[in-house]
Amino acid sequence: MIPETHRTVDEAMRQFRRTGKKEYRKRQYKALCELLNDVFDHEPDCRGKIKSIGWRQLTGYYKRHSDLKLATLIARWRVLCILFEKIGMNEPLHPEKALKKAVSEEKALE
């Protein structure tokens, strides 16, 4: 993650990390940073900028991590929703929708 992006995420999520169950929220913040780093590493179109994350990048992330439980992906999606809301972006793609569409595309190819 480039320093500008890290600063943006840190500023947007500061209040999130400091209220409520702090240990849980710190873990969620760490998972969010790992999600963003994974997207930036595997999707060259992003170039480290949050505003360039869209449907295709999140679908790729969900496919790469389809071995995780759906509940885990949904928990990460919720934190991503909070980040996107704070920086003024539209709600990200829900993992359940992305995985269902990926399965239906695979069946169509067979």
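Predicted model: local features only at pLDDT ≥ 70, side-chain atom pairs only at ≥ 80, totals over all residues.
Modeller: Axes are lines fitted to C-alpha atoms, for helices over the stretch in contact, and angles run from 0 to 180 degrees between N-to-C directions. Angles under 35 degrees count as roughly parallel, over 145 as roughly antiparallel, 65 to 115 as roughly perpendicular and the rest as oblique.

Biologist: What are the ground rules for the numbers here?

Modeller: Local features need pLDDT of at least 70 and side-chain atom pairs count only at pLDDT 80 or more, while totals for chains, interfaces and linings use all residues. Residues are numbered from 1 along each chain as its sequence is written, and side-chain values use heavy atoms, with hydrogens and water left out.

Biologist: Which hand does the crossing of α1 and α2 have, left-handed or right-handed?

Modeller: The crossing of α1 and α2 is right-handed. The term left-handed applies if the near helix is turned anticlockwise from the far one by less than a right angle, and right-handed if clockwise. Helices are DSSP runs of H or I with at least four residues, and strands are runs of E with at least two, numbered from the N terminus.

Biologist: Which residues of α1 and α2 meet?

Modeller: From α1, Thr5, His6, Val9, Asp10, Met13, Phe16, Arg17 and Arg18 take part. Their partners in α2 are Lys22, Arg25, Gln28, Tyr29, Leu32, Leu36 and Phe40. Contact here means heavy atoms within 4.5 Å.

Biologist: Arg17 is in that list. Is Arg17 buried or exposed?

Modeller: Arg17, in helix α1 (residues 3-18), is buried, with a relative accessible area of 16%. Buried means under 20% relative accessible area, exposed over 50%, and partly exposed in between (1.4 Å probe, protein chains only).

Biologist: And what does Arg17 touch?

Modeller: Leaving aside residues up to four places away in sequence, Arg17 touches Asp10, Lys22, Arg25 and Tyr29. With Asp10 there is a side-chain to side-chain polar contact at 2.8 Å. A polar contact is a pair of N or O atoms within 3.5 Å; within protein, one must be able to donate a hydrogen and the other to accept it, and residues adjacent in sequence count only if both atoms are side-chain atoms.

Biologist: What covers the buried residues of α2?

Modeller: The cover includes α1, α3 and α4. Among the buried residues of α2 are Tyr29, Leu32, Leu36 and Phe40.

Biologist: How do α1 and α4 pack?

Modeller: Their axes are 10 Å apart, at an angle of about 110°. That makes α1 roughly perpendicular to α4. The crossing is right-handed. Thr8, Val9, Ala12, Met13 and Phe16 of α1 meet Val79, Ile82, Leu83, Lys86 and Ile87 of α4.

Biologist: What span should α4 have?

Modeller: The 18 residues of α4 (residues 70-87) should span 26 Å at 1.5 Å a residue, and the end C-alpha atoms are 26 Å apart, which agrees. The expected span is 1.5 Å times one less than the number of residues. Just after α4, Gly88 takes a positive phi of about 85°.

Biologist: Which residue has a positive phi although it is not a glycine?

Modeller: Arg47, with a phi of about 55°. Most residues other than glycine have a negative phi. Arg47 lies in the loop between α2 (22-42) and α3 (55-64) and is exposed, with a relative accessible area of 66%.
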